[in-house]
Amino acid sequence: MKKSTSPLLLAAFVVASTALPGCVASKKFDDLKARHEATEQARESAERQAREAVAELKKANEELSALRLENKRLVNDSAQTGTILRRTQGLYRELSDTYDKLLKNNEKVLANKNADYQKVAQDLARREAELGDLANNLNKSRNEIDKLAADVKSREAKLAELEKALAEKDAAVNALKAKVSNALLSFKASDLQVQVKDGKVYVSLSEQLLFKSGSTKVDPKGQEALTKLAGVLKEQRDVNVVVEGHTDNVPILKGTAGMADNWDLSALRATEIARLLTVGGVQPERVTASGRSQYVPVAKNDSPQNKALNRRTEIILTPKLDELFQMLESNSTPAK
């Protein structure tokens, strides 16, 4: 409406100006024109401002609507947040209670663990002490084993020497048996036997070869055998000689001179043979005579043949084993 009235005002000014005298009218016209232009500018500025205000108002309304929506959303979100917050607070309280319980339980467990640790530490210390004792015992055992090994080695060496000595002794015994057997080859096997038993040479002479029944004097055939045996033994200076007289179980005749029983008979016969061996050259200190009577038979006294076997004289030849006995004694002495 302001735009439609402005030309009328301008026309009125023009008419008025034509009616006025020249200078005054012109001046007023210019003033009116200037006012009009100013008014137009003010109007345009006001319209522009109004449009800007309207735009700003519209924008403000839109922002207000948006804010209202946002506020509504925030209110909804706040309600949800409150619910979540309360739920979270509840969970927090539960978690806090659980934490307290766990803390208390952990303290209890920690106390138990500490007690267990102390127990384990004590057990470990005890085991370390036991291990130390075991180590000491092991060292002692090793030392003992070393000593035992050295002792075993020494004993093995002695055993080897002993085995060698035994082998030499066996060889000497066999050699002696061979020499005695060769020296007595001319005699019957029924009258004279040579054998090795228990590491000794046994020369068994029958009564038939040596004596008449009840006599203690050696027959010539027996003296010949003893002389040959003495010839071998006098060269074997490392051989001891034991003469054993044996009888059967038949008592001697009462009144036999110098004899009361078979003990006397067996002893006297052994003494006689020992005397003949020394006469033949065997050193007396190497000869021992003993009577065994009827108590060491080689057969039952139940027949004439067995009784004849029991009536015998055994000459036992034993190599001197002093060195061997010393080795045995040394080998049997416990090591210190």
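Helix α5 is followed by Gly281, whose phi is positive, near 115 degrees; helices (H or I, at least four residues) and strands (E, at least two) are DSSP runs, numbered from the N terminus. The structure is a predicted model, in which local features need pLDDT of at least 70 and side-chain atom pairs count only at pLDDT 80 or more, whereas totals for chains, interfaces and linings use all residues. Residues are numbered from 1 along each chain as its sequence is written, and side-chain values use heavy atoms, with hydrogens and water left out.

The protein chain contains seven helices and five strands, which run from the N terminus in the order α-α-β-β-α-α-β-α-β-α-β-α. Of its 336 residues, 25% count as buried, where buried means under 20% relative accessible area, exposed over 50% and partly exposed in between (1.4 Å probe, protein chains only).

Helix α5 comprises 18 residues, 262-279, and reaches 26 Å from its first C-alpha to its last, close to the 26 Å expected at 1.5 Å a residue, the expected span being 1.5 Å times one less than the number of residues. At the N-terminal end, α5 is capped by Asp261, a side-chain oxygen of which lies 3.1 Å from the backbone nitrogen of Trp263. The buried residues of α5, among them Leu265, Arg269, Ile273 and Leu277, pack against α3 (207-210), α4 (220-233), β3 (239-246), β4 (287-291) and β5 (312-319).

Salt bridges, defined by a side-chain nitrogen of Lys or Arg within 4 Å of a carboxyl oxygen of Asp or Glu, number 17 in the structure. One of them joins Arg275 to Glu272, with the closest N and O atoms 3.0 Å apart; because these residues are three apart in helix α5, they are separated by about one helical turn. Arg275 counts as partly exposed at 46% relative accessibility, whereas Glu272, at 15%, counts as buried.

A salt bridge also links Arg155 and Asp151, whose closest N and O atoms are 2.8 Å apart, and these residues, being four apart in helix α2 (residues 22-183), are likewise separated by about one helical turn. Arg155 is partly exposed, with a relative accessible area of 27%. In the salt bridge between Arg312 and Glu314, the closest N and O atoms are 3.1 Å apart; Arg312 is buried at a relative accessible area of 5%, and Glu314 is buried at 11%. Asp123, Arg126, Arg127 and Glu130 are linked in a network of salt bridges.

Technical notes:
Contact means heavy atoms within 4.5 Å. A polar contact is a pair of N or O atoms within 3.5 Å; within protein, one must be able to donate a hydrogen and the other to accept it, and residues adjacent in sequence count only if both atoms are side-chain atoms.
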